[in-house]
Amino acid sequence: MDTVLTSSPTEAAAFVRRGQLAAFPTETVYGLGADALRPEAVEALFEAKGRPADNPLIVHLVARDQLAQVVAAVPPVAEALLDRFAPGPLTLILPKAPDLPSVVTAGLDTVGVRFPRHDLARAFLRACDTPVAAPSANRSGRPSPTTWQAVQEDLDGRIACILRGGRTEAGVESTVLDCTTTPPTLLRPGAVALEQLRGAVGTVATPSKNDPEAPKSPGTKHRHYAPAARVKLVREPSTLEAEPTAGYIGLAAPPEPDRLRRCHVVPDAEAYARDLFHFFRDCDHAGCSVIYAQVVPPEGLGRALNDRLERAAAR
Ligand code: TXA
Ligand code: MG
């Protein structure tokens, strides 16, 4: 199939309305959208991404009154979170509406919903005029796309359309918060910091990674975010030995930056998050065999960053 590139949100939405797949920018990463109410469209989406069928999708909405099409109930804590963070990079896990096709939620009785803040995303969702199921628009396992070119690299010929926007602002995905538990449970750290959530609703539970009983986002058990190069985590870049085929990204400068194939020193966690997946892809294009990435203090966006780094480094 020829993948149409467009800058028109209505043109991209027309594909979704016909039951086809269209990628679109959001404030976090690019998403790959399908009409959430058409099971065949959602099945085609799993196929195009090579996504395991047990990994549920987030449903994207643009207006609060669409919630009733997707969820069975909105508990008070979720109302408070929506008032504070919607639109924005927060995904709430809520009880699923019976009529929502179960392929969207991988058979779970809960559904993730999110209201993107990005203007082009909102124009696209409004023109789709239906809830839009959308995972990140990468081939399964690859770094999430932060540019339309990265979407094209992974999915050209496999999807109907790419809505071209600029580079995404946050660079890491939304925070996923389970609101079916009391207190709510953080399932995936993301662009909204845990501290912000706690500031808004008080207690938020954080399941420990080592607890086998801990409630989990199904997606977090799959290997993720990985470039072709091997990712190695470093705490102290001052001890890094330069290698001609290595890349490095981190807050601190390495000793011999000129002897690395790629070196990107970022000023803060925000810039690190924004640039990380782009840097991974850039290192692949440059033929790096290994990417050293500095882990950061586990606070604010640092939690999301360390989570993505650990998954990218997992073999
Ligand atoms: O920022 C984002 O969230 C981007 C943009 C496109 O919105 N989307 C995104 O989708 O990152 P995806 O599919 O790559 O990641 C969704 C995550 C997965 O870890 C999935 O398991 C989890 O959300 N998830 C979705 N529905 C869930 C549910 N009902 N219960 C638990 N986890 C769920
Ligand atoms: Mg993803």
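Strand β12 (residues 246-250) and strand β14 pair in the parallel sense over four bridges; strands and helices are DSSP runs, with at least two residues (E) for a strand and at least four (H or I) for a helix, numbered from the N terminus. Two strands count as paired if DSSP finds at least two bridges between them. Within this pairing, I249 stands opposite A293 in β14. Strand β11 (residues 230-234) also runs parallel to β14, and five bridges join the two. Here R230 stands opposite V290 in β14. Strands of a sheet pair through backbone hydrogen bonds, either parallel or antiparallel.

This is a predicted model, in which local features need pLDDT of at least 70 and side-chain atom pairs count only at pLDDT 80 or more, while totals for chains, interfaces and linings use all residues. Residues are numbered from 1 along each chain as its sequence is written, chains are lettered from A and ligands numbered from 1 in the order in which they are written, and side-chain values use heavy atoms, with hydrogens and water left out.

Strand β14 itself spans residues 290-294, and five of its five residues are buried. Buried means under 20% relative accessible area, exposed means over 50%, and partly exposed lies in between (1.4 Å probe, protein chains only). V290, Y292 and Q294 point one way from β14, whereas I291 and A293 point the other way.

Another part of the chain forms an open sheet of 10 strands with mixed pairing, in the order β1-β8-β2-β3-β7-β4-β6-β5-β9-β10. Its edge strands are β1 (4-6) and β10 (185-188), each of which pairs on one side only.

Within this sheet, strand β6 (residues 110-114) pairs with strand β4 (residues 58-60) in the parallel sense over three bridges. I58 stands opposite G112 in β6, and H60 has R114 as its bridge partner. The pairing of β5 and β6 is antiparallel and comprises four bridges; in it, L92 stands opposite V113. Both faces of β6 are covered, with T110, G112 and R114 on one side and V111 and V113 on the other.

The loop between β5 (90-95) and β6 contains P101. P101 counts as buried because its relative accessibility is 12%. Leaving aside residues up to four places away in sequence, P101 touches A36, L37, P39 and K96, where contact means heavy atoms within 4.5 Å. The C-alpha atoms of P101 and P184 are separated by 25 Å, and these two residues lie 83 residues apart along the chain.

The whole protein chain contains eight helices and 14 strands. Its radius of gyration is 19 Å, which agrees with the value near 20 Å that a compact globule of 315 residues would have; the radius is taken over C-alpha atoms, and the globule rule is 2.2 Å times the number of residues to the power 0.38. Along the principal axes, the C-alpha atoms fill a box of roughly 55 × 50 × 30 Å. Of the 315 residues, 55% count as buried. Among the contacts with a separation of 6 or more, 67% are between residues 24 or more positions apart.
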